[in-house]
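Subject: Structure handover

Hello,

Here is the structure for you to look through. Please open it beside this email and follow along.

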Amino acid sequence: MAPLTFACQHLPGVTVISMAGDLDAANVDQLDAFASRTRRQPGDHLVLDLSEVPHLDHSGLRVLLNVRALVRQHGGDLHLASLQQAPARLLNNTGARLVLTVHHSVEQAILAALHARA
């Protein structure tokens, strides 16, 4: 199990959080806290770069849905980018893919977030 690490980049209207490691029951509270701390303005969108997250369990999925609800409550939206095979399979198998916005790349996610602000 890989430890979870974060990096953050602020763009006008969009916060990009890059994650690395497994997102599971042992560390989901870290994502929740980090996402809450790093958002700057109400209405900002949040992009999560999941390209370095090889494993996502149901508790990780739950926190993604909770983060989405929080961001939407404040006028923004959550965009997931660059999912690896196992996390993508979990989103598809649970039906969460129908409510979570998923992009093939971080660049596509940022562009979609910026376009949604316009």
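First, the ground rules. This is a predicted model, in which local features need pLDDT of at least 70 and side-chain atom pairs count only at pLDDT 80 or more, while totals for chains, interfaces and linings use all residues. Residues are numbered from 1 along each chain as its sequence is written, and side-chain values use heavy atoms, with hydrogens and water left out.

The sheet

Helices (H or I, at least four residues) and strands (E, at least two) are DSSP runs, numbered from the N terminus. Two strands pair if DSSP finds at least two bridges between them. In general, strands of a sheet pair through backbone hydrogen bonds, either parallel or antiparallel.

Here, five strands form an open sheet. Their order is E1-E2-E3-E4-E5, and the pairing is mixed. E1 and strand E5 (101-103) are the edge strands, as each pairs on one side only. From one strand to the next, the twist averages 25 degrees. Angles run from 0 to 180 degrees between N-to-C directions, and axes are lines fitted to C-alpha atoms, for helices over the stretch in contact.

Start with E1 (residues 5-11) and E2. They pair in the antiparallel sense over seven bridges. His-10 has Thr-15 as its bridge partner in E2. Leu-11 has Val-14. The hairpin of E1 and E2 has two residues between the strands, and Gly-13 takes a positive phi near 85 degrees there.

Now the other side of E2. Strand E3 (residues 45-52) runs parallel to E2, joined by six bridges. Ile-17 has Leu-48 as its bridge partner in E3. Ser-18 stands opposite Asp-49 in E3.

Is E2 (residues 14-20) largely enclosed or largely open? Five of its seven residues are buried, so E2 is largely enclosed by the rest of the structure. Buried means under 20% relative accessible area, exposed over 50%, and partly exposed in between (1.4 Å probe, protein chains only).

The helices

Helix H1 (residues 28-38) packs with helix H2 (residues 58-73) at an angle of about 15 degrees, with their axes 9 Å apart. That makes H1 roughly parallel to H2. Angles under 35 degrees count as roughly parallel, over 145 as roughly antiparallel, 65 to 115 as roughly perpendicular and the rest as oblique.

Contact means heavy atoms within 4.5 Å. Among the residues making the contact are Leu-31 and Ala-35 of H1, and Val-63 and Val-67 of H2.

Gly-60 is found in H2. At 0% relative accessibility, Gly-60 counts as buried. Leaving aside neighbours within four places in sequence, Gly-60 is in contact with Leu-23 and Val-28. The C-alpha atoms of Gly-60 and Ser-18 are separated by 15 Å, with the two residues 42 apart along the chain.

Best wishes
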